[in-house]
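Please look over the sequence and the model below before reading on.

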Amino acid sequence: MSIVKKEKMLTFWSERARLYAGDPRANTGGDIWLREIEIAYVDKILKDNFCPDVLDFGCANGYSTSRLAKLNLQSRFTGIDINWEMIEAAKINSEQNAAPNLEYRRYDILQDDPTTEKYDLIYAIRTFQNIESLEMQKMVLDRLCDRLKPNGMLLYIESYLDGYRRLNEDREKMGLRPLPIHEHLTLLTDEFDNHARSKMKLMRRDSLSSSYYLATRLLYAYIAKMNNEPIDYNHPIPKTRRCTRRVTERVVNPPDGQIHHPNRFARQPSDHRKQAIKSYAIDTPEALFRSLKRG
Ligand SMILES: C[S@@+](CC[C@H](N)C(=O)[O-])C[C@H]1O[C@@H](n2cnc3c(N)ncnc32)[C@H](O)[C@@H]1O
C-alpha cells in the first residue's frame, strides 16, 4: 500500500516536471499566488534569524529555493528532492538564473545519506504531506532533526486533514464541489505535530494562508460558480493579498459594523451565511521548531 502510494507520488511529480520544467506551476495545483505567501514567510524567518546553512527539503524544481537564495545571499542553500526530473529542472533553472549560494542534490532522505552536513534551518514546503504514511513522516522528521546544528530550526508548511475537511464542509454548504485530495498525499494530523513536539521545542505555529483559502476556495469559487466561469488563479482575488484581505473583511463584516478577524468568527453567534464560513479551513499551517540538542 505504502509502496504504491510512493510510486504514485513519484509519478505525479515526474509528470509535473515534464509538463512545467522550471515554471512555478510545477509545484502547486496551478495556484502560483499561494506560493508567494509561503516564500514571504520563509524569507521573514531567514531575515529574523541568522542561518548560514539552509536545507530546502523537497525543493522540487527549485523555484522557491532560488528565489529565497537570491534574497538571502548571506546563507548557503542546499535543495534536495527525491525526484530526478525535478532536480534536473532545478539545475537547468539554476544555470539560467544563477544564485551563487545554492546547490541541488537528488536523494531520498530515508534511504541515501550522502552527506553529514548540518544545517541552521531546514524547511519543508508541502513536502511532508507527500510522504506516504504518518510513520514515514515521523521517521523523516527524526532524520531531519539529526541534520540540525545545535539550536537549529525546522520549519514546515503543510496542509492538514482537518483543515481540508472543514474547507470541504463549508464548500458543500455553499453548493460547491469538495476539493479532491490527491491519492498520493497523506495530509498532516495532530499526531505528527505531537511527534515533532516530543523531539523539539515549538517556537511558533501560524496559519498564514487560511484567509487566502477562505477568499479563493470559498468566496472566489462561489463567485466563479455564480458567473459560470472556470477557476482562474490569475483572477484578481487570488492575485493580490491586499485584494484578498479586502474581500475577506467585507464578507465577514458583521451587521454591528465591527470588523472581526475571521479566526474569531467561530466564537460569534452566526446566521446561516456566516455559518457557512465560520469554520473555514485552517490550511497549510506552518510550525517552527528549535532543536533541543546542545553541543
Ligand atoms: C509540493 S512539492 C514541493 C514544493 C516545493 N517545496 C516548493 O516550495 O516549490 C513536493 C516535493 O516533495 C518531494 N518529495 C517527496 N518525498 C520526498 C523525500 N522522501 N525526499 C525528498 N523529497 C521528497 C517530491 O518529489 C516533490 O518534488
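Residues are sorted here into three classes: Ala, Val, Leu, Ile, Met, Phe, Trp, Tyr, Cys and Pro count as nonpolar, Asp, Glu, Lys and Arg as charged, and the others, Gly among them, as polar. By these classes, the shell around the ligand holds 12 nonpolar, six polar and three charged residues. The model is predicted: local features need pLDDT of at least 70 and side-chain atom pairs count only at pLDDT 80 or more, while totals for chains, interfaces and linings use all residues. Numbering starts from 1 along each chain as its sequence is written.

The ligand is surrounded by 21 residues, and the closest are N27, G58, A60, N83 and I125; a residue is near the ligand if its C-beta atom, placed from the backbone, lies within 6 Å of it. Two or more residues of this shell come from each of α1 (2-20), α3 (63-71) and β2 (76-81). Helices (H or I, at least four residues) and strands (E, at least two) are DSSP runs, numbered from the N terminus. The protein chain has 11 helices and seven strands.

Burial is judged by counting other C-beta atoms, placed from the backbone, within 10 Å of a residue's own: 20 or more is buried, 12 or fewer is exposed, and in between is partly exposed. Of the 295 residues of the protein chain, 38% are buried. A60, in the loop between β1 and α3, is buried because it has 29 C-beta neighbours inside 10 Å. Its phi is positive, near 50°, although A60 is not a glycine. A21 is also a non-glycine residue with a positive phi, about 45°. A21 sits in the loop between α1 and α2 and counts as partly exposed, because it has 16 C-beta neighbours inside 10 Å.

Helix α3 has as its buried residues Y63, S64, T65, S66, L68 and A69. These pack against α2 (32-48), β1 (53-57), β2, α4, β3 (102-106) and β4 (119-125). Contact means that two C-beta atoms, placed from the backbone, lie within 7 Å. Why is T65 called buried? T65 is buried because 31 other C-beta atoms lie within 10 Å. Leaving aside residues up to four places away in sequence, T65 touches D56, C59, F77, G79 and L102.

Two packed helices are described by the angle between their axes and the distance between the axes. Axes are lines fitted to C-alpha atoms, for helices over the stretch in contact, and angles run from 0 to 180 degrees between N-to-C directions. The axes of α1 and α4 (residues 84-96) come within 8 Å and cross at roughly 30°. Therefore α1 is roughly parallel to α4; angles under 35 degrees count as roughly parallel, over 145 as roughly antiparallel, 65 to 115 as roughly perpendicular and the rest as oblique. In this pair, W13, S14, A17 and R18 of α1 meet E85, M86 and A89 of α4. By class, this contact has four nonpolar, one polar and two charged residues.

For α5 (residues 134-146) and α7 (residues 190-199), the axes come within 10 Å and cross at roughly 25°, so α5 and α7 are roughly parallel to each other. From α5 the contact takes L134, Q137, K138, L141, D142 and C145, and from α7 it takes E191, F192, H195, A196 and K199. The contact of α5 with α7 divides into five nonpolar, two polar and four charged residues.
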